[in-house]
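Welcome! Below are a few exercises for getting to know a structure, each with a solution worked in steps.

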Amino acid sequence: MFKIFKYSFYDLMRSRWNYVYLLFYLALGLVLLFVSTSLSKAILTLMNIIILLVPLIGTVFGIMYYYSSKEFTELLLALPLKRSSIFLGQYFGVAISLSLSLVIGLGIPFVIYGIFQSADIWHFGQLLILGTFLSFIFSGISYNIALHNENRIKGFGFAILAWLFMAVIYDGIFMIALVMLHEYPLEKFSLIFSIFNPIDLSRIMMLLKLDISAMLGYTGALFKMFFGNYLGSTIAMLILALWTITPVFILKWRSAKKDF
Amino acid sequence: MIEIKRLYKNFGKLEVLKGIDLVIEGKGVYAILGPNGSGKTTLMKCILGMVLPTSGEILLRDESIKKNWKYRQDIDYLPQIANFPGNLTVKELIRMIKDLRRKPDLDETPLINRLKLEPYLSKKLGNLSGGTKQKVNLTLTFLFDSPYIFLDEPTTGLDPAALIILKEMIEEEKSKGKIIVLTSHIMSFVEEISDDIIFLLEGNVYFRGTAEFLKEKTQKPDFIHAIANLLTEQNV
Amino acid sequence: MKNLLIKVGLFIIALCLSTAISAKTIEVCKNCEINTVKKAVELAERGDVIIVKKGLYQEIEIFVDKPLIIIGEPGAILDGQMLSEIIVIRSDSVTLDGLEFHNVGTSNLRDYAAVRVRGSRYFTIKNLIIRQPFFGIYLEKSSYGKVYNNQIYGNAVSEFYAGNGIHLWYAHYIEIFNNTIYQVRDGIYLEFSNNCTIGNNVSKNNVRYGLHFMFSNNDIVRNDRYENNGAGIAIMFSKDMEASDNYFMDNWGSAVYGMLLKEVYDAKIINNVFLRNTAGIFVEGCSRILYEYNDFESNGWAIYSRGANYENNFTNNNFISNSFDIAYTGPLNKNVFNGNYWSDYNGYDLDKDDIGDIPYKPVKLFSNLVNRSPEAIILLRSIFVDLVEFAEKVSPTITPNILQDETPRMRMITHDRN
């Protein structure tokens, strides 16, 4: 697996798109730090961009890499290699190169700015960790979708739909549910609802760390209590880990059963 | 020796292989022929483990290939359409495949020279023509000197000069005592090169024998007509 | 007639004599004959001046029962040793100047203060420094006094074990100026206290409110600065109030506001600046309040209107980059929001009169949803909400219609501020 990972990783690291992605984050970080009055504000804006963009780019890269390397994958399948190691190797290649672009792209401007001397280092660190989780989760989901769909257009469509669902539609449904059920006490419901969407979970974990959490007011109290204690944040991290591992296992399992 | 027992394969409702029994034994060039959709590639991929049979058994040297991947160390495979990662150069690709097959010390230069690939060695694969890609594909197939060679449409995109080299190479491998299985649509090529013809029709082995035997059986003077006759006969 | 002249003459002499007596100055120092303030107060007669020299005086419960001027020289410290109150004024016309107070006693039962004024008039309390107060300056049933240039530094952590900086209870016509108050419960607290004027104070880091009015009327606050309090100014159950030219900054946190108004009638909130507060103004059950020439910038909510507010007028204010300009519950109730500048407004002005041609709706869909189901705030900053807000910008018809500014300004209003 490691060999395949190595080659996929090198291949991606040399791809133009990966550089575009890296440069985008680099530019974003620099501009944000230049424009924002405080680090905390820059991190908040960054969070908004990350929860939108990281899942989208993860999805698109995952699906594109699978389809573009499909024939090559078939070549590999005829070699004396274990199937699962081919797919897992490729998947980790995508996920890790994406995460590295994110971490390096944003890391450089913030390090230059002096994040290590700032109290916001933990918030920034958490943001990068969450971004990495989201990269893994969404490239994993899209890799599975690609594996499931021979038709590229269909696969691409489903992957974008999956992203759209998690990023937007889920919250829309959530909001409609909140409005329709507004006579009932809903804190627990909203806690549970938002925990099961990795994008929402990442956003809330980040919000609670930043100044803006004050706006969550009464409702935020339960969230703060939950995420504030050791158990809660462990659970949150576990759920993110579960979101990361599940696609990997499904990938392993489905790739073993697939004809090429 | 390759032994195939009652091999069935369905893709959803579509039955592609309907209980194939086949034994390939002893050195030689075996051509799998058949109309489009008769299951040639599927059969080959079943042997390679890329397609998983619905039922039946495949044995390579008396060992089942099911849930096994190490047997592929003995197989060289030339896939039908070679599409390599566009960012790699030819040289890097060869080094990589050698690395993946754990034979990093093999020397590809004789093959490269023979196929006249030197000028392309540091070119990116994405920029190569179809024919050149096929030559790279051939290099990767013949480099490893495995006892079994599977060639799926090896002639695709090759110019006449390269075709001659291909034939020579197949002859050489045969003389080393290898089993070479191929499919092709170029009948003259098949007639010239193959020792045994396996004709698939509707998921079964419809005919098995040498080209001579086929001509005799169909009473046709040349190979193409003999094959065509097999098809029309079936239609009747 | 002659008799009368003699009487007048005698009176004048007596007056002169008494003035001569009152001009007496008593010095207190550690090595003097009079080495405690208490002793000096006991010895002093009406109108005497007591000068407290530099030194640490461990004294409590000094009762000032006659008009005196007590002046502390720099470094004159009265230490209450955490036992009780330090000075209690029970006479009219007392002046306290320049003393420093340390370690006022704390108690669950009694509100100990560094300086208490009880039932007195015409007092002046100035230039004091109070450290570790329980209560700082406590005025009860007193009036016509001045409290200025004092500094009060508390170390309050929770509102249950802390007192207020300057505390007024049934105290009227008091002037409170130029005081600096840090980290007590309420910086300045007024209960049943009318016609007071408060100005140029700085009230910071208090665990509850910077300035707190309860059941007080006709009071004025001007040019004060409120930073990082539970609420800058809280006005409750009061009427005919005025707050103008004040700064409310960084009052940020859960249930933290620049101004908190509850059951306030006929007040004026004019020319204030609200910067980076969770809510600039939180208002509930208030009527006939005029909000004019204020700046609301970078607040979570500029105005959080919680219902039962009638006939309030918001006009000529600037609303700049707030997460929500207005959160609003209930029917419109004759509240008016015309003629403000809204940085989120993107209408047009074809007739070039600097007033937008289409109304602005400051209550956004999401803000409204949050009002109906408070849990929805958890979707803050989500992509879905961003999309809804974008949709509202493109097509304002989505925004609920309840509240609008008929004459939104195209340009920011420049307020007259010094």
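A crossing is left-handed if the near helix is turned anticlockwise from the far one by less than a right angle, and right-handed if clockwise. This is a predicted model, in which local features need pLDDT of at least 70 and side-chain atom pairs count only at pLDDT 80 or more, while totals for chains, interfaces and linings use all residues. Residues are numbered from 1 along each chain, chains are lettered from A in the order in which they are written, and side-chain values use heavy atoms, without hydrogens and water.

**Exercise 1.** Describe how α6(A) and α11(A) pack.

*Step 1.* Find the helices, which are DSSP runs (H or I) of at least four residues: α6 covers residues 121–148 of chain A and α11 covers residues 230–256 of chain A.

*Step 2.* Take the geometry, with axes fitted to C-alpha atoms over the stretch in contact and angles from 0 to 180 degrees between N-to-C directions. The angle is about 25° and the axes are 9 Å apart.

*Step 3.* Angles under 35 degrees count as roughly parallel and over 145 as roughly antiparallel, so α6(A) and α11(A) are roughly parallel to each other. Their crossing is left-handed.

*Step 4.* Look at the contact (heavy atoms within 4.5 Å). Among the residues that make it are F133(A) and F136(A) of α6(A), and W243(A) and P247(A) of α11(A). By class, the contact residues are 15 nonpolar, five polar and one charged. Here Ala, Val, Leu, Ile, Met, Phe, Trp, Tyr, Cys and Pro count as nonpolar, Asp, Glu, Lys and Arg as charged, and the others, Gly among them, as polar.

**Exercise 2.** Now try a pair from two chains: how are α1(A) and α2(B) arranged?

*Step 1.* Helix α1 (residues 2–13) of chain A packs against helix α2 (residues 90–100) of chain B at about 165°, with axes 10 Å apart.

*Step 2.* That angle makes α1(A) roughly antiparallel to α2(B).

*Step 3.* The contact joins K3(A), I4(A), K6(A) and Y7(A) of α1(A) to R95(B), M96(B), D99(B) and L100(B) of α2(B). It has four nonpolar, no polar and four charged residues. The crossing is again left-handed.

**Exercise 3.** Which helix gives the most to the lining of the largest pocket?

*Step 1.* The lining has 43 residues, with S321(C), N322(C), S323(C), F324(C) and R381(C) nearest the pocket's centre.

*Step 2.* α4(C) gives the most, with six residues.

*Step 3.* A pocket is an open set of points on a 1 Å grid over the protein atoms alone, where a 1.4 Å probe fits, with protein on both sides within 12 Å along at least five of seven lines; lining residues have an atom within 4 Å of a point.

Note on methods. Parallel < 35°, antiparallel > 145°, perpendicular 65-115°, else oblique.
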